Amino acid sequence: MVPAPLRRTPLEDVHRALGAKMGAFGGWEMPIEYAGAVSEHLAVRERVGLFDLSHLGKVDVDGAEAGAGLQRLLTNDLAKVGVGRAQYHLLLHEDGGAAEDLIVYRVDAERWFVVPNAANTATACDAMRSVGLAPRPLEDWCFLGVQGPRSRAVIEAVAPGAGLLPYFGCLETSFGGHRLVVARTGYTGERGYEVFGPSAIARDLWDAFLAAGATHGIEPCGLAARDVLRLEMGYPLYGQDLDPAHSPLEAGLERAVAMDKGDFRGRAALERQRREGLPSRLRAIVTDERRNIPRAHQTVSVGGRALGSVTSGTFSPTLGRGIALAYLSPPDAVAPGDAVEIDIRGRAAAARVVDLPFVPRSPRGD
């Protein structure tokens, strides 16, 4: 079968002019890095970074029954979400496995804005249709992220008033006469903002953010840096740390599951897991030596007994050590502080289980 052609971000020419290394991700060709993942990681941790995230889904859902339909479908409690607020959710299969994770923004009393992962937008929209909703994917929209301790000044210069948003707050505004959705959300652990608008203004928005951030040390950042930033915070990535084989309870995402709100897809399976016990648990692991960098699919063991395998692994510039997430079974086989080994190219690398996040959330990222 011939693979489908990669989709293109409206900012592709900009990224190539900046010398970005481009690569495939979620069915799109996206910037992986510019100056280098470590430099871009440090820019976000210390100053501010600008991301093109246009590969992610952008979906409008509206109508008098929109909120009720999403409430029946998703895991968290939308009844607690007022206008101008957002909430993290999972979409489950009936057996409790994760079909997708996403953020839902309430932009008006009967209007919701849903952001699923790149490859799963169609899955999320089909699920919404199954409960009688009429989602409208915004195929011609872009998505930019402004992340880092100096991001507030940058967003305020481009979208006045957005700098006052609380964490997981959102608003609708305009730029160049076009509708924008701006949210104080992100995937880095730092203070940050995410901006959605028509692709026709993507270049103007990008340039405006770079100009506003020039005195704050802004740096264009690619998906490689974003992956390291999110893993340092222990944020799961769908397709690696979240998948249909594992439930949100196994992934440690109980905070996004409102078992007391009433029925939702997959709820009965989660109730069964609660009664019978979890088959596995997603654990955080740090290697003892700088040279040992874990990667996906490497085996995690204790005393020669395999407990599971790495789902995401990388080198943490903040810690100067390798970090990883792994589903381990049985879930009580290890606890934070316990020693484990990771099979790194045939060598048993010493490591230990730790609590998440790997890196403390910045007080500026509240």
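## Exercises on a predicted model

Leu92 touches Thr75, Gly97, Ala98, Ala99, Pro248, Phe264, Arg265, Gly266 and Leu270, leaving out residues up to four places away in sequence. Keep that list at hand for the opening exercise, and remember throughout that this is a predicted model.

**Exercise 1. Find where Leu92 sits, and decide whether it is buried or exposed.**

Solution. 
- Step 1: Start with the secondary structure. Leu92 belongs to strand β6, which covers residues 85–92.
- Step 2: Check its cover. Buried means under 20% relative accessible area, and Leu92 has 0%, so it counts as buried.
- Step 3: Look along the sequence. Ala269 is 177 residues away from Leu92, yet their C-alpha atoms are 9.8 Å apart in space.
- Step 4: Go back to the contacts. Among the residues that Leu92 touches are Phe264, Arg265, Gly266 and Leu270.

**Exercise 2. Work out why the radius of gyration of the chain agrees with a compact globule.**

Solution. 
- Step 1: For 366 residues, a compact globule would have a radius of gyration near 21 Å.
- Step 2: Compare it with the model. The chain has 20 Å, which agrees.
- Step 3: Along the principal axes, the C-alpha atoms fill a box of roughly 65 × 50 × 45 Å.
- Step 4: Turn to the inside. Of the 366 residues, 57% count as buried.
- Step 5: Residues 24 or more positions apart account for 66% of them.

**Exercise 3. Trace how Phe196 pairs with Tyr105 and with Phe113.**

Solution. 
- Step 1: Begin with the total, which is 7 aromatic pairs in the structure.
- Step 2: Take Tyr105 and Phe196. Their ring centres lie 5.8 Å apart with 65° between the planes, an edge-to-face pair.
- Step 3: Tyr105 is in strand β7 (residues 98–108) and Phe196 in strand β13 (residues 192–198), so the pair links parts of the chain 91 residues apart.
- Step 4: Now take Phe113 and Phe196. Their centres are 4.9 Å apart and their planes meet at 70°, so this pair is edge-to-face.
- Step 5: Check the cover. Phe113 is buried at 0% relative accessibility, Phe196 is buried at 0%, and Tyr105 is buried.
- Step 6: Collect the group. Tyr105, Phe113, Trp141, Phe143 and Phe196 form one aromatic cluster.

**Exercise 4. Find how many residues of helix α7 are buried, and name them.**

Solution. 
- Step 1: Name them. They are Leu223, Ala225, Arg226, Val228, Leu229, Arg230, Leu231 and Glu232.
- Step 2: Step past the end. Just after α7, Gly234 has a positive phi of about 75°.

Definitions and conventions:
Residues are numbered from 1 along each chain as its sequence is written. This is a predicted model: local features need pLDDT of at least 70, side-chain atom pairs count only at pLDDT 80 or more; totals for chains, interfaces and linings use all residues. Side-chain values use heavy atoms; hydrogens and water are left out. The radius of gyration is taken over C-alpha atoms; the globule rule is 2.2 Å times the number of residues to the power 0.38. Buried means under 20% relative accessible area, exposed over 50%, partly exposed in between (1.4 Å probe, protein chains only). Contact means heavy atoms within 4.5 Å. Rings of Phe, Tyr and Trp (its six-membered ring) pair if their centres lie within 6.5 Å; planes under 30 degrees apart count as stacked, over 60 as edge-to-face and the rest as tilted. Helices (H or I, at least four residues) and strands (E, at least two) are DSSP runs, numbered from the N terminus.
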